[in-house]
Number of protein chains: 2
Amino acid sequence: MTDVVKILKQALAEHQVLLGEDVKERYEHIWRMDQPLDALAVLLPSSTEEMSQILQICNKYNQPVVLHGGLTNLVGNTITDKEEIVISTERMNKIEEIDQHARTISVQCGVILEEVQNAVKPYELLFPLNFGAKGSAQIGGIISTNAGGLRVFKYGMTRNLVLGLEVVLADGTILSSMKKIIKDNSGYDLKQLFIGSEGTLGIVTKAVLKLVEAPKSRVSAMVGLKDYDSVVSFLKYMDRGTAGTLSGFELMWNNTYKTLTTEPAVVKPPIPHDYPYYVLLECLGSNQDNDLQRLEKLLETALEKNIIIDAAIASTEADLQWFWTIREDVRVMLTHFKYDQQFDISIPIPLIGEVANKITAALNQLDVVQTVFTFGHVADGNVHFVVGKSELNETTTEQINDIVYSPLKGLGGSVSAEHGIGVDKKKFLKLCRSDSEIATMKLLKKSLDPKNILNRGKIITIE
Amino acid sequence: MTDVVKILKQALAEHQVLLGEDVKERYEHIWRMDQPLDALAVLLPSSTEEMSQILQICNKYNQPVVLHGGLTNLVGNTITDKEEIVISTERMNKIEEIDQHARTISVQCGVILEEVQNAVKPYELLFPLNFGAKGSAQIGGIISTNAGGLRVFKYGMTRNLVLGLEVVLADGTILSSMKKIIKDNSGYDLKQLFIGSEGTLGIVTKAVLKLVEAPKSRVSAMVGLKDYDSVVSFLKYMDRGTAGTLSGFELMWNNTYKTLTTEPAVVKPPIPHDYPYYVLLECLGSNQDNDLQRLEKLLETALEKNIIIDAAIASTEADLQWFWTIREDVRVMLTHFKYDQQFDISIPIPLIGEVANKITAALNQLDVVQTVFTFGHVADGNVHFVVGKSELNETTTEQINDIVYSPLKGLGGSVSAEHGIGVDKKKFLKLCRSDSEIATMKLLKKSLDPKNILNRGKIITIE
């Protein structure tokens, strides 16, 4: 046992410090559950004060720590070195207050997204953030990674939904600003520093989240389009015509749609397989009948004007389920090949069509590539590629990375729209951030965590 | 002429360096045009590179600078010391690009808000930020102060409308990230540091602003309510019923409404003077007839349910003009007394009624106070007080400040919802920010501007 672990054992209760076999029974990632965790210890604080105490000790002894929340990060942010101590936030799981009039919920960092969603439902309120890992992802990790997901177009990323924040700095200082107010221009908005910095500048311990009135209607349609320019026109047309209710505008390229609506997929295609592009759109409003009528009219006119070439409306709850299963059941793609490589990039909206075509054509030149599935939250400029490969080797992985990432620099794109940088994308950071930006990130890291103990080596490397 | 001014004269073109009488012909604030500017020089860069060159020189020689944009700041941010050099951004006034498909506009920092609003109109796009000083306020200052104004409830503060940003740091380093993308989780979101930090961490030189589709309908109503709890219920009710179109929800207390609709005010009251609270609401949508019908139905039901006690709908363009003149022509209040003291605070929405009543009662105890006008963007938790006084002296000014500001600490409120801290509110900063928050602000300032040359002494004092 190292000195710092001994001191931590004295400072915390026995059940809050896991060692030896208890550490090995845990994992560093929810999708790597065959590899036992290797770390000096796992600490289980249950309060901000305990978190502060832990960091005071670790900082004093130059002991690096790694944060473990729901372990659903996609870029290796919970990867742990055996010389590191893991702090797990699983016991900081209290919902502290729901204020239905201020429309806020105050939570500790270890509360799981789905619990937040469910807790506010009885008040006819909605916490609009939503994504696949909602059953495991914790609010602290969600804030630290500025998570996105579906419905960002209407409600924004996590950054837009955080009103108050409490953070513990590397030296144990508690920065608390658990405010419920929407507007606050009293000095620097410090919370912005910690949202999306992946736990490298401070540890989120609590937050006040913004809630919205739960929508009373939901309508959807699957639309076929002849080319990418039509997709852009259709987005503008629908956005203008639906007056703030447009909440989803998911684009699928032809082969993606085909695969997601053909066996082994469990759902059938609502419109034929003949069109180059498919948009699945959603509006969240206040009146089901009116919204459905408006959608019908808008789509009729779009057909007449030749902006779109086919459309099917989801008019029942069963239809909604059907249409959204197509978009959400992306695992169907993975049945079509042995190995895959996935991307989450952003590109200015008008350029997506041409850039994605060029990238796909280049990828298809490689022998190892069997297929390329393209889809994304196009209203946010966010494109996902799933590249199916016949074999796994470092050289082709790098070739594929190069084909997808290298055009982004000249286009003002990003190598990570949603998932963050972590360790997996560190070497690509320079493709979308300048030398002076990276130098400024390092300056901030050195100022706020001078001993480099917080999530060391994630996003940037401090020499 | 000091050494640094000589060097600057050599580095810049002659017309870019104003000295002596040319300095005195200028002002440090648009509302203090009787006092000539007193400064070492006024510099007029026209490009980011020139701004960088200026700061390299000033930083080398420890020369403090003050930024002058549209000079409309309300908290003394453009106040200039005679040992300082003024950098005016008035020549950095180019609109660089409007991208109607990405729905962005890229501008230099000196472009005026109204020019942005007008430039995007032909594309049926809207830059939704709007406030009284739109004819003078420059984008650089707007971003540096995270300006708010009307329609924040629907579209957010300036922070929500900045996609890309270019900033020059104190040492002349250019941090440029002029991206048009909505989602970008590639490392620290550095632009957040400079939005709302009032020019103390870096100088904004360019920005990519987010545009939205221009709404095709606008409906409004003036509503009377019996108590503050009803105001909160009505806000939730309208928000839920109007599905994302609610763009304004302005509250006026009885005496404010009365004053704004009685001579010398130019407009008459749409509903009688009998109610404790008045809400002026606005929805921006896609169909005038439908939206009007929906509003009528919603208000009928609200009357039946006793949530509201009276309502008048603005059904024509003239009505809209009439109703909004009431709220916007706040100068009418100033005709009712000789001296005034104004406040811009935020309070969690459910607490506003009681807190505002207590503050008003305490203010009315003071002999010097003639009247208190209360109104605000209540959907954002933002309350304005205009306190009318019979005389002007430091003691009563401080008493009034104390009555308004001191309750905020315990309530999680803010001494500045929109206007910022500048120099005028510096001494109140500690009422809404903790010691460790202020220490972190100072740490950031020292890291990014170690010689303390940028807007020195604004927000915080570096010893």
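## Links across the interface

Chain A and chain B share 14 salt bridges. One joins the side chains of Arg103(B) and Asp239(A), at 2.7 Å from N to O. These values come from a predicted model. Polar contacts also cross the interface of chain A and chain B: 41 residue pairs, both at pLDDT 80 or more.

Several elements of chain A give two or more residues to the side that touches chain B. They are α6 (152–155), β9 (174–177), α7 (191–194), α8 (228–241) and α16 (435–448). α16(A) gives the most, with 9 residues. By residue class, this side of chain A divides into 33 nonpolar, 33 polar and 22 charged.

## Extent of the contact

The contact takes 88 residues from chain A and 89 residues from chain B. Together the two chains bury about 6800 Å², with 56% of it on carbon and sulfur atoms. Lys183(A), Asn185(A) and Tyr188(A) supply 16% of the area that chain A buries against chain B.

## Cis peptide bonds

In chain A, a cis peptide bond joins Glu263(A) and Pro264(A), with omega about 5 degrees. Pro264(A) lies in the loop between α9 (254–260) and β14 (277–285) of chain A.

In chain B, the bond from Glu263(B) to Pro264(B) is cis, with omega near 10 degrees. Pro264(B) sits in the loop between α9 (254–260) and β14 (277–285) of chain B.

## Positive phi in chain A

Asn146(A) is not a glycine, yet its phi is positive, about 50 degrees. Asn146(A) is in the loop between α5 (139–144) and α6 of chain A. Asn146(A) is buried, because its relative accessible area is 5%, under the 20% cut-off.

Asn455(A) also has a positive phi, near 40 degrees. Its place is in the segment after α16 of chain A. Asn455(A) counts as buried at 4% relative accessibility.

Notes. Residues numbered from 1 in each chain as written. Chains lettered and ligands numbered in written order. Predicted model: local features only at pLDDT ≥ 70, side-chain atom pairs only at ≥ 80, totals over all residues. Heavy atoms only, no water. Contact = heavy atoms within 4.5 Å. Buried area = accessible area lost by both parts, 1.4 Å probe. Salt bridge = Lys/Arg side-chain N within 4 Å of Asp/Glu carboxyl O. Polar contact = N/O pair within 3.5 Å; in protein donor to acceptor, adjacent residues only side chain to side chain. Helix = DSSP H or I, 4+ residues; strand = E, 2+ residues; numbered from the N terminus. Nonpolar A, V, L, I, M, F, W, Y, C, P; charged D, E, K, R; others polar. Buried < 20%, exposed > 50% of the residue type's maximum accessible area, 1.4 Å probe, protein only.
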